[in-house]
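Hi,

Here is the structure I promised to pass on. Have a look at it first, and my notes on what turned up follow below.

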Amino acid sequence: MIRLSQVKKVFNQGRHNEFWALRGVDLHLDMGGVTVFRGPSGSGKTTLLTMVGCLARPSSGRISLGERDISALPERFLTDIRRSTFGFVFQSFNLLKGITALENVMIPAYPLGGDHGALKRRALALLERLEMADKAQSQAEWLSGGEAQRVAIARALINDPRVVIADEPTANLDSERSAQFLDIVAGLKRDGKTVLMTSHDPLVADAPVVDRVIGLRDGLIDGAG
Amino acid sequence: MNGWFNRQRALLDFAVSSLGRRKGKTLGLLAVYGLIVFVLASAMLFSHALRHEAKQVLAGTPEVLVQRLIAGRHDLIPDTHLAAIRTIRGVKSAQGRLWGYLFDPAAAANYTLMVPPADAPAVGQAVIGAGVAAVRDAAIGDVMSFRAHDGTLVSFTIQAIIAPESALVSADLFLVAEADYRRLFGIPDGRFTDIVVTVRNPREVRTVAEKIDTALPDTRIILRDEIKRTYESVFDWREGMVVLLLSGAVLAFFIFAWEKASGLSAEEKREIGILKAVGWETADVIGLKSLEGLVVSLTAFLLGYLLAWVHVFQFGAPLFEPVLKGWSVLYPDFRLTPHVDELQVATLFFFTVFPYTLANVVPIWRAATVDPDQVMR
């Protein structure tokens, strides 16, 4: 269970360009299932997910993961939680150029010091599952948008996280690729993963696989489905 | 332990593949870095090997040398001095030497003419150094003639050529019989160039030298230790001169390396953000970049040092020979004995590998402490 209470986030505080991305969000997310955060640009969707995913700390308020308050943990502990609990699929996929798809998938596991051979087999199995095995040795920059996203999903899953966070996952995909992505999400849901997505794509919000849609506007919850 | 090893291996693998992604930058850096190490290591290896060689040569030289001075100038020493020295307590042996320099107009070179203390050639014969043989294109059995002090011609038949292994000290040697030497220079019997003295107890060298000085006030005493110090300072000075000339290049390299290592491109910053976002700690990122720096600097160091070794010990350091070896007309053609001073290697390693690795880590540390949420924006 993930709980947010009165979470606020401000950027450039005290300066002329001060901006409140979140103005006091109260939210309760159960584990399992697919949740979509919907709202216009600047509504605070991405900022909310960065804080849930331990990429940033809130300016005020509390975020709890299970019984643990994670809103004020030092960076090392946050990294530890991020690594073991969350997997990220970024909007622009953020694959490292110049290395293979396979290496990109393996990167999050390098600092854990596991057996290299086992890690490679795990990464190949994930690519196989996402129908990307034949592209394992391709350089990241040679991949199409849909392929790059599937590599990014494999990378998000390499440390077997409980929660997968996807930021605007269909923003760079056509309708066919978007539908394929939603099939993958359905697979993750079947595996018992919690999937949190931001999107203003109706195709995503209205998809049958989605259990809950949460609206955001001007840094506040607009309505919860 | 196994986990730590796996982690380091994974980071090293990734560091090498990251360097491969920036081939141009990495290769350029390796080339410049390797060149600097090569030049510095060559100067160090060469002067150190020369110093080592000189030390070994000096080990076989007499402990005390006595020369006669007249009006502050070196003059021939009479055999009465020889007899006087032999009576001094502590002196094991004293022997007069005959040597000097002979200019050969045919080769425009100076030879060191000597009468060896033992196994001197027969009258009319000579044993020559490899340098003399090379410059005159002389072989055993050939005849070489010189004009004596009185204008008469003195001829020598080459009896032997000294093996080139000892060329550092023998390249320009011209060994002749005592009678030929005296005839060539017009030096009467009972006169010598100088006197070499050996002492029974090496700890009494200074005392014996003082006794000789007291007994023979018109002489100058030269101790082996003093020659050693002179050699040291000459080599130090020459090495220092080379290093000074190189310091500009070294400085330019450090500026270049600092700029290359510390100037993080937007792409590199983005990569650091991605690594942090996918679960890398700041320490992991710094570890990775340190490994990248270490791979570059260690490779450059090993490559530069290896090339310097080949340059100095295989090819005789053609780049530094004129400066470090001396200004003799007859350069000795010889191969230096490979000799490496561990402290010197450590110093070079510290001053090349350490600053670069540090220059690599500082900006990474600054970039790696930034919140990873940037990649979401």
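In chain A there is an open sheet of 4 strands, ordered β2-β1-β4-β5, with antiparallel pairing. The edges are taken by β2 (19-29) and β5 of chain A, each with a single partner strand, so one side of each has no neighbour in the sheet. Strands here are DSSP runs of E with at least two residues, helices are runs of H or I with at least four, and both are numbered from the N terminus. Two strands count as paired if DSSP finds at least two bridges between them.

Before going on, a word on where this comes from. This is a predicted model, in which local features need pLDDT of at least 70 and side-chain atom pairs count only at pLDDT 80 or more, while totals for chains, interfaces and linings use all residues. Residues are numbered from 1 along each chain as its sequence is written, and chains are lettered from A and ligands numbered from 1 in the order in which they are written.

Back to the sheet. Strand β1 (residues 2-11) of chain A pairs with β4 (residues 60-65) of chain A over 5 bridges, in the antiparallel sense. Along that pairing, A:R3 is opposite A:S64 and A:L4 is opposite A:I63. On to β5 (residues 68-69) of chain A: β4(A) pairs with β5(A) in the antiparallel sense too, over 2 bridges, and A:L65 has A:R68 as its bridge partner. The hairpin of β4(A) and β5(A) has 2 residues between the strands, and A:G66 takes a positive phi near 65° there.

As a whole, chain A has 7 helices and 10 strands. Of its 225 residues, 48% are buried (20 or more other C-beta atoms within 10 Å of the residue's own; 12 or fewer would be exposed, and in between partly exposed, with C-beta atoms placed from the backbone). Among the contacts in chain A with a separation of 6 or more, 69% join residues 24 or more positions apart. A contact means that the C-beta atoms of two residues, placed from the backbone, lie within 7 Å.

Two helices of chain A are worth a look. α5 (residues 145-157) and α6 (residues 175-190) of chain A pack at about 15° with their axes 10 Å apart (axes are lines fitted to C-alpha atoms, for helices over the stretch in contact, and angles run from 0 to 180 degrees between N-to-C directions). α5(A) and α6(A) are therefore roughly parallel (under 35 degrees; over 145 is roughly antiparallel, 65 to 115 roughly perpendicular, and the rest oblique). A:G145, A:G146, A:Q149 and A:I153 of α5(A) meet A:R177, A:Q180, A:F181 and A:I184 of α6(A). By class, that contact has 3 nonpolar, 4 polar and 1 charged residues (Ala, Val, Leu, Ile, Met, Phe, Trp, Tyr, Cys and Pro are nonpolar, Asp, Glu, Lys and Arg charged, and the others, Gly among them, polar).

Over in chain B, the axes of α2 (residues 23-59) and α10 (residues 282-314) come within 7 Å and cross at roughly 40°. That makes α2(B) oblique to α10(B). Their contact has 20 nonpolar, 7 polar and no charged residues.

Finally, how many residues does each chain give to the contact between A and B? Chain A gives 27 residues and chain B 25 residues. On the side of chain A, α1 (45-52) and α2 (75-85) are the elements that give two or more residues, and the largest share, 5 residues, comes from α2(A). That side has 10 nonpolar, 9 polar and 8 charged residues.

Cheers
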